[in-house]
Amino acid sequence: RLFLSCSVCDMKFWAKHVSPGSPGRLRLNGRVYPVTLTRVMDDATLDQAWRARVAKLQVHGTETGINARPKPDAPRPARWWSFELRSRAS
């Protein structure tokens with residue numbers, strides 16, 4: 001499963017305009033993939049995605065800034081949203 005997440009999402013133009021199954025494109029290594037985006041509303045799934053982010057940043061995070069290493073037991077912020085991406089490729 002692939003998730004795209006953001007902090008303070010309610011203030012971001014794109015995040016407010018995603019409805020279930022919204023079409024989008026994901027560019028990775030110069031290649032563009034057609035995807036659908038759906039905002040995750042289930043607390044258990046959001047918590048799982050948040051824990052994955054926290055674990056990743058324990059290894060790849062920085063001391064300060066956007067990708068700062070959170071405490072391992074950091075709670076999920078209320079304004080942190082996550083979207084599930086699914087391939088639209090046939």
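Mentor: In helix H2, the buried residues are Thr45, Leu46, Ala49, Trp50, Val54 and Leu57; buried means under 20% relative accessible area, exposed over 50%, and partly exposed in between, with a 1.4 Å probe and protein chains only. Helices (H or I, at least four residues) and strands (E, at least two) are DSSP runs numbered from the N terminus. The model is predicted, so local features require pLDDT of at least 70 and side-chain atom pairs count only at pLDDT 80 or more, while totals for chains, interfaces and linings use all residues. Residues are numbered from 1 along each chain as its sequence is written, and side-chain values use heavy atoms, leaving out hydrogens and water.

H2 covers residues 43-60, 18 residues in total. From its first C-alpha to its last, H2 reaches 25 Å, close to the 26 Å expected at 1.5 Å a residue (the expected span is 1.5 Å times one less than the number of residues). An α-helix has 3.6 residues a turn, so residues three or four places apart point the same way. The cover over the buried residues of H2 includes E1 and strand E4, residues 81-87, where contact means heavy atoms within 4.5 Å.

E4 has seven residues, five of them buried, so this strand is largely enclosed by the rest of the structure. Both E1 and E4 belong to an open, antiparallel sheet of four strands in the order E1-E4-E3-E2. At its edges stand E1 (2-6) and E2, each with a single partner strand, so one side of each is left without a neighbour in the sheet. On average, neighbouring strands are turned by 40 degrees against each other, direction ignored (axes are lines fitted to C-alpha atoms, for helices over the stretch in contact, and angles run from 0 to 180 degrees between N-to-C directions).

Two strands pair if DSSP finds at least two bridges between them. E1 and E4 are joined in the antiparallel sense by five bridges, and Trp81 of E4 is the bridge partner of Cys6. E4 also runs antiparallel to E3, again with five bridges; there Arg39 stands opposite Phe83. E3 (residues 31-39) in turn pairs with E2 over seven antiparallel bridges. Within that pairing, Pro23 lies opposite Thr36, and Arg27 has Val32 as its bridge partner. The hairpin of E2 and E3 has two residues between the strands, and Asn29 takes a positive phi near 55 degrees there.

Not counting residues up to four places away in sequence, Ser22 touches His17, Val35, Thr36 and Leu37.

The link of Cys6 and Cys9 is right-handed, with 120 degrees about the S-S bond. Both partners are buried: Cys6 has 8% relative accessibility, and Cys9 has 0%.

Methods:
Disulfide = S-S within 2.5 Å.
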